[in-house]
Amino acid sequence: MLKTLRTVLLCTALAHAGLAGAAGKPDQPAQYVTDSVSVTGAVERPLQLRVADLRGFPPQQIGEVPMVCQSGANLGKLERLKGVLLRDILEKATVKAPGHNDIKKMIVVAGASDGYKVVFSWSEIFNSPVGDGVIVFFEKDGQPLADDEGRIAMISSKDLRSGPRHVKWLQSLEVLKVVE
Ligand SMILES: Nc1nc2c(c(=O)[nH]1)N[C@H]1C(S)=C(S)[C@@H](COP(=O)(O)O)O[C@H]1N2
Ligand SMILES: [Mo]
């Protein structure tokens with residue numbers, strides 16, 4: 001209980017300091033708003049996707065995702081998300097992995113305009129249940145994403161602690177081979 005209180009206070013304190021820390025809430029979020037996401041790196045077809053382009057993919061809806069900071073602090077929830085599977089985006093771009101074992105060495109770095117970055121492995125996205133819950137989204141509650149997140153964000157909705165891989169102001173998806 002005390003620990004929870006402490007982590008809540010820590011997240012809140014970092015947010016108020018304007019730091020890209022635990023809760024990552026800057027004072028002027030409008031400067032970080034992105035309206036397209038690039039798909040680059042080890043792909044056959046690099047892409048630059050705006051919201052209108054994302055609407056061309058098979059739609060995905062997620063009803064409710066509890067938001068939990070890496071520290072364990074409860075940050076509420078995201079509701080009625082509309083987006084597309086990261087898997088579908090990567091299939092369109094087509095990951096380059098010529099050797100039989102290359103695909104297992106690939107990762108995707110999701111980057112935001114404030115410098116925030118998280119990684120996904122190819123195996124997580126294409127060969128585990130986690131992949132079914134990783135979406136790039138552009139609507140919440142039937143509305144375009146507001147400045148505190150928008151216009152494009154992503155979430156790995158099946159993560160135990162969903163805060164870290166809720167990437168606000170999504171800007172880039174870079175495919176890399178991380179080992180030889
Ligand atoms: N672009 C960006 N996204 C981010 C962060 C950040 O600093 N920058 N912080 C992450 C962390 S650690 C958490 S806990 C959640 C906080 O989500 P909230 O702002 O919706 O509470 O955002 C995540 N997404
Ligand atoms: Mo966090």
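Buried means under 20% relative accessible area, exposed means over 50%, and partly exposed lies in between (1.4 Å probe, protein chains only). Some notes on this structure follow.

1. **What kind of model this is.** This is a predicted model, in which local features need pLDDT of at least 70 and side-chain atom pairs count only at pLDDT 80 or more, while totals for chains, interfaces and linings use all residues. Residues are numbered from 1 along each chain as its sequence is written, chains are lettered from A and ligands numbered from 1 in the order in which they are written, and side-chain values use heavy atoms, with hydrogens and water left out.

2. **Confidence.** pLDDT is the predictor's confidence in each residue, from 0 to 100. The protein averages 91. A score of at least 70 is reached by 87% of the residues. Residues 11–22 are another matter: pLDDT stays under 50 there. The model has 16 contacts beyond four places in sequence for this stretch. Contact means heavy atoms within 4.5 Å. Where pLDDT is low, the predicted coordinates should not be read in detail.

3. **The sheet.** Helices (H or I, at least four residues) and strands (E, at least two) are DSSP runs, numbered from the N terminus. Two strands pair if DSSP finds at least two bridges between them. Five strands make an open sheet here, in the order E2-E1-E11-E5-E6, with mixed pairing. Its edge strands are E2 (47–50) and E6 (117–121), each pairing on one side only. Neighbouring strands are turned by 20° against each other on average, direction ignored. Axes are lines fitted to C-alpha atoms, for helices over the stretch in contact, and angles run from 0 to 180 degrees between N-to-C directions.

4. **A helix on the sheet.** Helix H3 (residues 86–93) packs on this sheet. H3 touches strand E1 (36–41), E2, E5, E6 and E11. The direction of H3 makes about 140° with that of E2.

5. **How the strands pair.** Strands of a sheet pair through backbone hydrogen bonds, either parallel or antiparallel. E1 and E2 are antiparallel, over 4 bridges. They form a hairpin with 5 residues between them. Serine 36 stands opposite arginine 50 in E2. E1 and E11 pair in the parallel sense, over 4 bridges. Glycine 41 has valine 175 in E11 as its bridge partner. E5 (residues 106–112) and E11 (residues 170–177) pair in the antiparallel sense, over 7 bridges. Alanine 112 has leucine 170 in E11 as its bridge partner.

6. **Aromatic pairs.** Rings of Phe, Tyr and Trp (its six-membered ring) pair if their centres lie within 6.5 Å; planes under 30 degrees apart count as stacked, over 60 as edge-to-face and the rest as tilted. By this rule there are 2 aromatic pairs. Tyrosine 32 and tryptophan 169 have ring centres 5.2 Å apart and planes at 45°, so this pair is tilted. It links distant parts of the chain, 137 residues apart. Tyrosine 32 is in the loop between helix H1 (2–16) and E1, and tryptophan 169 is in the loop between strand E10 (166–167) and E11. Both residues are buried.

7. **The other pair.** Tryptophan 122 and phenylalanine 126 have ring centres 5.0 Å apart and planes at 15°, so this pair is stacked. They are 4 residues apart in helix H4 (residues 122–127), which separates them by about one helical turn. Phenylalanine 126 is partly exposed, with a relative accessible area of 24%.

8. Where is glutamate 139 found? It is in strand E7. With a relative accessible area of 14%, glutamate 139 is buried. Its side chain joins that of arginine 55 in a polar contact of 2.9 Å. A polar contact is a pair of N or O atoms within 3.5 Å; within protein, one must be able to donate a hydrogen and the other to accept it, and residues adjacent in sequence count only if both atoms are side-chain atoms. Aspartate 141 is in the loop between E7 (134–140) and E8 (143–144). Aspartate 141 counts as partly exposed, at 40% relative accessibility. Its side chain makes a polar contact with the side chain of arginine 80 (2.8 Å).

9. **Glutamate 149.** This residue lies in the loop between E8 and strand E9 (153–156). Glutamate 149 is buried, at 2% relative accessible area. Leaving aside neighbours within four places in sequence, its contacts include Leu78, Phe137 and Trp169.
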